[in-house]
Amino acid sequence: MKMDKNMSVEEKNESLILKDIININKNVKLSNFDWSSYELGLGLSKEEQEERKKIEKLYSDTISSIHEFYIYNGKIIKIIDRNVVIDFGFKAEGVISLNEFRDEKKLPKVNDIIEVIVEKLDYKGRCIISYNKAKKLKSWEIIQEKFIKNEIIIFFVAARTKGGLIVVLFGIECFLPGSQIYIKPVKDFDFYVGKTMEGKIVKINNKKKNVVVSHKILIEKYIEIKKKKLISKLEKGQVLRGIVKNITHYGSFIDIGGGIDGLCHITDISWGRIEHPSEKLEIGQTINFVILSIDKIKNRVQLGLKQLQSNPWNSLENEIKKGKVVIGTVTVVTDYGAFVEIFPGVEGLVHVSEMSWAKKLRSSQDYVKIGDRIKVLILNYDISDQKMSLSLKRLTPNPWENIKTKYKMGSIHIVTVRSFTNFGVRLESKFKSELELELKSELEYLLYNDDISWIKNLNNSINIYKKGDLVKLIVLGLDLITRKINFGSKQLIKNFWYENIIGSIHTGKIIKNFYKGAIIKFKKKNLKIFAPILSVKLKKTKFKIIYFNFKIKTFYVSQIF
């Protein structure tokens, strides 16, 4: 078999193999041909086997292996009925239904080159290919590339859906959320259907093959660039005319043009205290503002309204001074105090400790409420810091300065029995002034059991008094640190034993002897005492009381023989 010079490498290899087969089998009938021996190379010399291996390798190297899910270029060689026959260079042909070309503007024709994907190889070695899937895979690769490079894309809005729009990008359906259509909320989604828009890919879910795009991101970028240019021209202290765009509890946003919204904080709206910006501003109002600060990094502008008005604090120098009494209106009440406006736009703080002389402070709400007109004393002020301290309590005398005078040692008072304890009686004084009524909860009036009687040793004062009794008592001690006043009852009468028994003679009976004395019982007085005597000979005799020790409550007696 002769070889033509114009034959391809593959054709030459095929010719060599065919020649080899003819030489081996020229004297062999087909019915007697042993295919197993041929495949194993039996009956061939070593030179022939080596030559055969070279030829087989040369032939196998010219054939590329087919990979599933790879995209290949194919040539349309036939169109039969509703099918397109594709040759994509693997000694095999694939068939694609014409339905896969229905979205194309032009129908395919013979000799067209198209991209196809090999979906799989069946058990017979035939290739199952697809044009649509190749196109989608190619589109997906382009989308991935655009996303990584953050490039601007153009997509077609196909339909509206819940929460946004369905758009087509490189033949792939993607989602455009309603919040990503425009910088302002969009109410009519149907307006965009059928239109072409620019945007960027903002999210890809590779597992679910979902793509999210945004049109707003381009607008925001454009606005940010425009903002930077405008903000670079602004200066602190510049007065601008703006429109009140939005009002919140902490301030108001002002549109000063060019997409720039400045914030006017509630504290910069008025020199006087306001509860809400809506007291001074309303949406849509056009008004002048002054620039207080500019953040060129974050593109933010801080505005002020009150700064365009005269500061009332600057005109107070001749109006106020320390120690002056003024009348003001309570504007704010907090736990720590109350703010009082004494002049328009000028407030001072009455701290809760300056509301009452009482040491146990209550809430300021117990003393004042918003809207009250009250007199206050100016304690101090700082015009530069715009701070002022006021006082309520200093308009009245300090009751603690006079408490020692009123309840001095030895003074007598009439008090009421309030309750009983194991150690004595709790009392209540009849206060006359409102100031003393405030101190009532802080002062504790006590009458101990030991200070009730000279004669009886009391364990429970309830046997002497009852609740509500008015009793006359004498002040024994006052402790302003612990806020306690100790009263006594027995101190109002003379000591019976000291006045009447010293020097008196009594018949007594020795009931028990000790090495330092004896226990003696006086018959008439029914009193048992310890007599520190050196020797007592008679069990029943007379004794003379010579001394009584108040501190240790001990009698000293002398025996009369």
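These legends describe an overview and several close-up views of one predicted protein model.

The model is predicted, so local features need pLDDT of at least 70, side-chain atom pairs count only at pLDDT 80 or more, and totals for chains, interfaces and linings use all residues. Residues are numbered from 1 along each chain as its sequence is written, and side-chain values use heavy atoms, with hydrogens and water left out.

**Overview. Eight helices and 30 strands make up the secondary structure of the protein.** Helices (H or I, at least four residues) and strands (E, at least two) are DSSP runs, numbered from the N terminus. Of the 561 residues, 37% are buried. Buried means under 20% relative accessible area, exposed over 50%, and partly exposed in between (1.4 Å probe, protein chains only). The protein exposes about 36300 Å². Carbon and sulfur atoms supply 52% of that area. Accessible areas come from the Shrake-Rupley method with a 1.4 Å probe; for residues, only the protein chains shown count as cover. Among contacts with a separation of 6 or more, 56% join residues 24 or more positions apart. Contact means heavy atoms within 4.5 Å.

**View 1. Strands E7 and E8 form a hairpin.** E7 covers residues 164-169 and E8 covers residues 172-177. The two pair in the antiparallel sense over six bridges. Two strands pair if DSSP finds at least two bridges between them. Val-167 faces Cys-174 in E8. Two residues lie between the strands, and Phe-170 takes a positive phi near 55°.

View 2. H5 runs over residues 216-231. Its 16 residues should span 22 Å at 1.5 Å a residue, and the end C-alpha atoms are 22 Å apart, which agrees. The expected span is 1.5 Å times one less than the number of residues. The buried residues of H5 are Lys-216, Leu-218, Ile-219, Ile-223, Lys-227 and Ile-231. An α-helix has 3.6 residues a turn, so residues three or four places apart point the same way.

**View 3. Lys-209 and Gln-386 sit in two loops.** Lys-209 lies between E9 and E10. Its phi is positive, about 55°, although Lys-209 is not a glycine. Lys-209 counts as partly exposed because its relative accessibility is 47%. Gln-386 lies between strand E19 (373-382) and strand E20 (387-391). Gln-386 is not a glycine, yet has a positive phi of about 55°. At 28% relative accessibility, Gln-386 is partly exposed.

**View 4. Five strands close into a barrel.** The order is E11-E12-E13-E15-E14, with mixed pairing. The twist averages 50° from one strand to the next. Axes are lines fitted to C-alpha atoms, for helices over the stretch in contact, and angles run from 0 to 180 degrees between N-to-C directions. Within the barrel order, E12 (residues 251-255) and E13 (residues 261-265) pair in the antiparallel sense over five bridges. Ile-254 stands opposite Gly-262 in E13.

**View 5. Val-340 is buried in strand E17.** E17 covers residues 337-343. The relative accessible area of Val-340 is 0%. Leaving out residues up to four places away in sequence, Val-340 touches Gly-328, Thr-329, Val-330, Thr-331, Val-346, Glu-347, Gly-348, Val-350, Ile-374 and Leu-390. Ser-389 is 49 residues from Val-340 along the chain, with 9.8 Å between their C-alpha atoms.
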